Amino acid sequence: MRSVPLRFSALAVVASLGASACSNLTPAENAGVFGTTGGIAAGAIARAAGMSTAGSIATGVAAGALIGATTYIIAKHEASVRQRQIADTRARAAFKRMSAERRRTAPAQTSSRSPLKAEKIPRYIAVDTVKDEHTSPRARKSVMIWDTQSEQVVGNGVYDVQTPPPVGSTARFETYSAQYVGSGS
């Protein structure tokens, strides 16, 4: 029997067992497991690409921290009408402020080769809404996603988060990468 297919099969079995073992972990435990695994993988790839040992370790640690430092979504539930309205109002205020800031910091159009560029407004922003009876008791914030292109709330889901990201940072909410604006003020 060839060793490559055998190694591949063994790796697939180990990976599936590892993934199934993570199904009952808390979000923090999952972040630790996947952050560590991702960091090791990033470090190994960096080392294989020819980076020094110290450089590959630094790359692995940074990648692991980035993977592990996620927004801990405790639960997702359907938004009430009130939650949706509040999220929409706050997101519109944040978007208006971001647009005004972008216009204010945009370079004068005197030269087409200006080295300065205005900061781009992100496609999605994550905005706080109010908690309701469906909110997890462990949640510090209830967050909804707002699309800056269509200027409306995306879907009808509220994400209850245990650890909200810092205001201004980008966080992942399922399939959306959104800039967290907090309450939008």
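Analyst: The largest nonpolar core has 14 residues, and Ala91, Met98, Ile125, Val127, Met144, Trp146 and Val181 are those with the most contacts inside it. By nonpolar core I mean a set of buried Ala, Val, Leu, Ile, Met, Phe, Trp, Tyr and Cys residues joined through side-chain atoms within 4.5 Å; buried is under 20% relative accessible area, exposed is over 50%, and partly exposed is in between (1.4 Å probe, protein chains only). Helix 4 (81–105), strand 2 (124–129) and strand 3 each put in at least two residues, with helix 4 giving the most, five. Helices (H or I, at least four residues) and strands (E, at least two) are DSSP runs, numbered from the N terminus.

Keep in mind that this is a predicted model: local features need pLDDT of at least 70, side-chain atom pairs count only at pLDDT 80 or more, and totals for chains, interfaces and linings use all residues. Residues are numbered from 1 along each chain as its sequence is written, and side-chain values use heavy atoms, leaving out hydrogens and water.

Now for Met98: setting aside neighbours within four places in sequence, Met98 is in contact (heavy atoms within 4.5 Å) with Ile121, Pro122, Ile125, Gln179 and Val181. Another core, of 11 residues, lies apart from the largest one, and includes Ile145, Tyr159, Phe173 and Tyr180.

Strand 3 (residues 141–147) also holds Asp147, which counts as buried because its relative accessibility is 6%. Beyond neighbours within four places in sequence, Asp147 is in contact with Arg123, Tyr124, Gln152 and Val154.
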